[in-house]
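Have the sequence and the model open as you read.

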Amino acid sequence: MMDTGMDDTGRIPDEAEHAFWSWLGFWIQFLILAVLTVIGAFVASDDERPGDYLCGLLLSLAAVALGFLRLKHRFDGGVSGWSAFLLIDDMKNLALAIPLFAVIGLVGLFVARAWESGAMHAAGLGLFVASGVIIFLDIKHVFDRMNSGPS
């Protein structure tokens, strides 16, 4: 094999390309939250089945609140990832988060039972599932941080 004097190291993205994708990723999350806000407003204004108004209104308000919290977190100099924004970091807070989200999940089941069908039934089941997922992700995040050593 002939040595050409050049090393083939692959393409390393330049700083401008990395900055563009970082910028785009930051604003796409707000686009998704804006779409959820509009969907919630349409569901609330349509109000076809029992609970549609409340479910749509809660979706809109939650998306707007999450957008403002993400923007505040970014301006405060926080880490841009969602895991640092949403997940628990230590065992003390985990001991508080698990019972809290377990109660929220049970409330979701009671909401789903109160409405036999419709958007509130689906929202209650979604709240139960989301609470369970958050509990397991928090547990995983805390133990991953404990295993990685002090940071």
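From the N terminus on, the elements of the protein run α-α-α-α-α, giving five helices and zero strands. Helices here are DSSP runs of H or I with at least four residues, strands are E runs of at least two, and both are numbered from the N terminus. This is a predicted model, where local features need pLDDT of at least 70, side-chain atom pairs count only at pLDDT 80 or more, and totals for chains, interfaces and linings use all residues. Residues are numbered from 1 along each chain as its sequence is written, and side-chain values use heavy atoms, with hydrogens and water left out.

| Feature of the largest pocket | Value |
|---|---|
| Volume | about 730 Å³ |
| Lining | 21 residues |
| Given by α5 | eight residues |

That volume is the space filled by probe spheres set on the points, which are joined across faces, edges and corners. L59, A62, L66, L127 and I134 lie nearest the pocket centre. α2 (52-75), α3 (82-86), α4 (91-114) and α5 (119-148) each supply at least two lining residues, with α5 giving the most.

After α2 comes G77, with a positive phi near 90°.

Methods:
1 Å grid on protein atoms, 1.4 Å probe; cavity = no way out; pocket = protein on both sides within 12 Å on 5 of 7 lines; lining within 4 Å.
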